[in-house]
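Hi,

Here is the structure I promised to pass on to you. Have a look at it first, and then read my notes below with the model open beside them.

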Amino acid sequence: MILAQLPRFHFSVFAKSPFSLSSSHFNFINPKPPVTAVRTLFQFAPKSSLAAVEPIPLPVSDASDLDDAPVEISLDKLFIPPETDISGDNPASLTTRILKGSNIVLSKYARDAQVVQADYVKSSVRTEDCPADGLPEFALVGRSNVGKSSLLNSLVRRKRLALTSKKPGKTQCINHFRINDNWYLVDLPGYGFASAPHELKLDWNKFTKDYFLNRSTLVSVFLLVDASIPPKQIDLDYASWLGQNQVPMTMVFTKCDKRKKKKNGGKKPEENIKEFQDLIQGFFETTPPWIMTSSVTNQGRDEILLHMAQLRNYWLKH
Ligand code: GDP
């Protein structure tokens, strides 16, 4: 599989955002309001006693990949949740704590990840019209056709739930789905429609940006990027904007089952992902969490839910 074929998934050390005027670090979880001072949560993640350049073999995603050489990632490119100590881990034990096909280390908050109930709640056109019950939420956003509806359906194990947000009139809305009656998945309008009128594009930008900046219960944005094609400028711009505005973000690489297609120059998803990572590393001081998925094979499904669970449980506690 996948990461296993990445040519040594090494990354370099922190790169400072060219857009950032302050020295504060980018963070990957929104503070629970009104505790605004906790925006720097993740900069205090404990460091391991392992050398920062010591590579960690990443777990492979499925049995079919076992014949591939393990991919390695350097410690400073892992996402280590707060209150997570990896100092006692040797590389082998740390490997078992990294979610498959990702750079995400599991924390003690990774529990209650299962989806047992999913209900469409409402579609809003303004941030202030969104549900006001204070439950934590995760927003899925990505270029149109990136596989957002498919992923949403796969996360909740329904074939047609996300169709609600594909209905005419809803594609430009903030669509809320309540999960297990205690958190929300939010489907945001896809961006990058080539045919959309200019004014409409501007309008989408305006309200999704307002949502990102002002939705106090937004724990993290999940930015979907198609791993079956080379990086697109519009996705890089989106990642840059989120980094610049310190909006917590996880990158979700979609369509990782599509391999070695001639039309994209024969590149594997891992190569496209590596290229994307290289291009965005200047936008962030620390590597954002990222994860590989496929709605065809369900790769990454349980892993995303575990990652959401650990962000959510941490958010609820602080
Ligand atoms: P959206 O516009 O972002 O909601 O994208 P959709 O979920 O409607 O998917 C767009 C197209 O990509 C559809 O033809 C899907 O069947 C296809 N697709 C979505 N996810 C995957 C995936 O993980 N693997 C593959 N091979 N195709 C996918």
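Arg97 is partly exposed, with a relative accessible area of 22%. By the cut-offs used here, buried means under 20% relative accessible area, exposed means over 50%, and partly exposed lies in between (1.4 Å probe, protein chains only). Arg97 forms a salt bridge with Asp89, and their closest N and O atoms are 2.5 Å apart. Asp89 is buried, at a relative accessible area of 11%. A salt bridge here is a side-chain nitrogen of Lys or Arg within 4 Å of a carboxyl oxygen of Asp or Glu.

Before going further, please keep in mind that this is a predicted model, in which local features need pLDDT of at least 70 and side-chain atom pairs count only at pLDDT 80 or more, while totals for chains, interfaces and linings use all residues. Residues are numbered from 1 along each chain as its sequence is written, and side-chain values use heavy atoms, with hydrogens and water left out.

More on the salt bridges

How many salt bridges does the structure hold? The count is 14. One of them joins the side chains of Arg126 and Glu128, at 3.7 Å from N to O. Arg126 is partly exposed at 43%, whereas Glu128 is exposed at 56%. Together with Asp129, these two residues are linked in a network of salt bridges.

Another pair is Asp302 and Arg157, whose closest N and O atoms are 3.9 Å apart. This pair links distant parts of the chain, 145 residues apart: Asp302 sits in helix H7 (residues 301–317), and Arg157 in the loop between helix H3 (148–156) and strand S5 (174–179). Asp302 counts as partly exposed, at 44% relative accessibility, and Arg157 as exposed, at 59%. Helices (H or I, at least four residues) and strands (E, at least two) are DSSP runs, numbered from the N terminus.

While you are looking at H7, trace its length. H7 has 17 residues and reaches 25 Å from its first C-alpha to its last, close to the 24 Å expected at 1.5 Å a residue; the expected span is 1.5 Å times one less than the number of residues. H7 is mostly covered, with 13 of its 17 residues buried.

The whole protein and its cores

There are 7 helices and 9 strands in the protein. Of its 318 residues, 54% count as buried.

Which residues have the most contacts inside the largest nonpolar core? They are Tyr211, Phe212, Leu223, Leu242 and Phe253, in a core of 42 residues. A nonpolar core is a set of buried Ala, Val, Leu, Ile, Met, Phe, Trp, Tyr and Cys residues joined through side-chain atoms within 4.5 Å. Among the elements that each supply at least two residues of this core are helix H4 (198–214), strand S7 (218–226) and helix H5 (233–244). H5 gives the most, with 5 residues. Apart from this core lies another, of 29 residues, among them Ile104, Val156, Leu224 and Trp315. In soluble globular proteins, nonpolar side chains tend to be buried together.

Beyond its neighbours within four places in sequence, Tyr211 is in contact (heavy atoms within 4.5 Å) with residues including Thr127, Cys130, Ile174 and Leu218.

The cysteines

Cys130 is buried at 5% relative accessibility, and Cys173 is buried at 6%.

Ser107 lies in the loop between helix H2 (91–95) and strand S3 (118–124). Ser107 is buried, with a relative accessible area of 10%. Setting aside neighbours within four places in sequence, Ser107 is in contact with Pro81, Thr84 and Gln310.

Pro136 is in the loop between S3 and S4. Is Pro136 buried or exposed? At 1% relative accessibility, Pro136 counts as buried. Pro136 and Trp315 are 179 residues apart in sequence, yet 7.9 Å apart in space, C-alpha to C-alpha. With neighbours within four places left aside, the contacts of Pro136 include Trp183, Tyr184, Arg312 and Trp315.

Enjoy exploring, and write back with any questions!

Best wishes
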